[in-house]
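Please open the model in your viewer and keep the sequence panel beside it. We will go from one selection to the next and look at what is there.

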Amino acid sequence: MVQGVDDPSILETIACREALALAQDLQLQNMIVASDPKQDVQEINNRSRGANGAIISEIIARASLLHCNFQFEGHAVNVVTYSLAKFALSLRLGCHVWFGPSHD
């Protein structure tokens, strides 16, 4: 969660940006970022300058340093991510990273 931000589209775009920051920290070079909703993925792939334009600009800058593809994957398909996102709502504000099996 990001304090003061409650728009799902902005939160999803921020999550994509944070995924790239983590990839850089871990020195990963090839990755796929799967995200939902479809419109956010399209805006990233089309380099949109709409409501999320500032965040998308950061994503594009980071992605240019990596071999990175963005693809749509709805929460109905990605059950683990959806489950973690729901669980994260119970956590205090801040960044939380899982490097293993998901919680029960």
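Start by selecting T13, which is found in helix α1; helices (H or I, at least four residues) and strands (E, at least two) are DSSP runs, numbered from the N terminus. Is T13 buried or exposed? T13 has a relative accessibility of 1% and so counts as buried; buried means under 20% relative accessible area, exposed over 50%, and partly exposed in between, with a 1.4 Å probe and protein chains only. Now show what surrounds T13: not counting residues up to four places away in sequence, T13 touches D40, N52, I55, I56 and I59, where contact means heavy atoms within 4.5 Å.

A word on what you are viewing before the next stop. This is a predicted model, in which local features need pLDDT of at least 70 and side-chain atom pairs count only at pLDDT 80 or more, while totals for chains, interfaces and linings use all residues. Residues are numbered from 1 along each chain as its sequence is written, and side-chain values use heavy atoms, with hydrogens and water left out.

**Colour by confidence**

Colour the protein by pLDDT, the predictor's confidence in each residue, from 0 to 100. The mean over the protein is 82, and 84% of its residues reach 70 or more. Which element has the lowest mean pLDDT, and which the highest? Helix α4 (residues 79–88) has the lowest, at 70, and helix α3 (residues 53–63) has the highest, at 92. Where pLDDT is low, the predicted coordinates should not be read in detail.

**Switch to cartoon**

The cartoon shows four helices and two strands. Follow the chain along the sequence and you will read the pattern α-β-α-α-β-α. Of the 104 residues of the protein, 27% count as buried. Among contacts with a separation of 6 or more, 67% are between residues 24 or more positions apart.

**Select α1 and α3 together**

How do these two helices pack? Helix α1 (residues 8–25) and α3 meet at an angle of about 25°, and their axes are 9 Å apart. Axes here are lines fitted to C-alpha atoms, for helices over the stretch in contact, and angles run from 0 to 180 degrees between N-to-C directions. The two helices are therefore roughly parallel to each other (angles under 35 degrees count as roughly parallel, over 145 as roughly antiparallel, 65 to 115 as roughly perpendicular and the rest as oblique). Their crossing is left-handed, a term used if the near helix is turned anticlockwise from the far one by less than a right angle; clockwise would be right-handed.

To see the contact itself, show the side chains of I10, T13, I14, C16, R17, L20, A21 and Q24 on α1, and of I55, I56, E58, I59, R62 and A63 on α3. This set divides into nine nonpolar, two polar and three charged residues. In that count, Ala, Val, Leu, Ile, Met, Phe, Trp, Tyr, Cys and Pro are nonpolar, Asp, Glu, Lys and Arg are charged, and the others, Gly among them, are polar.

R17 is found in helix α1 and is buried, with a relative accessible area of 18%. Leaving aside neighbours within four places in sequence, R17 is in contact with I55, E58, I59 and R62.

Across in helix α3 sits I56, which counts as buried at 1% relative accessibility. Beyond its neighbours within four places, I56 contacts T13, E43, I44, R47, S48 and R49. The C-alpha atoms of I56 and I44 are 5.9 Å apart.

**Move to strand β1**

Select N30, in strand β1 (residues 30–35). N30 is exposed, with a relative accessible area of 60%, and its C-alpha atom is 4.7 Å from that of H67, 37 residues away along the chain. Also in β1 is A34, partly exposed at 34% relative accessibility. A34 touches Q71 and E73, not counting residues up to four places away, and its C-alpha atom is 5.6 Å from that of F72.

**Finish in the loops**

Which loop holds Q27? Q27 lies between α1 and β1, counts as exposed at 66% relative accessibility, and has a positive phi near 60° although not a glycine. R47 is not a glycine either, and has a positive phi of about 55°.
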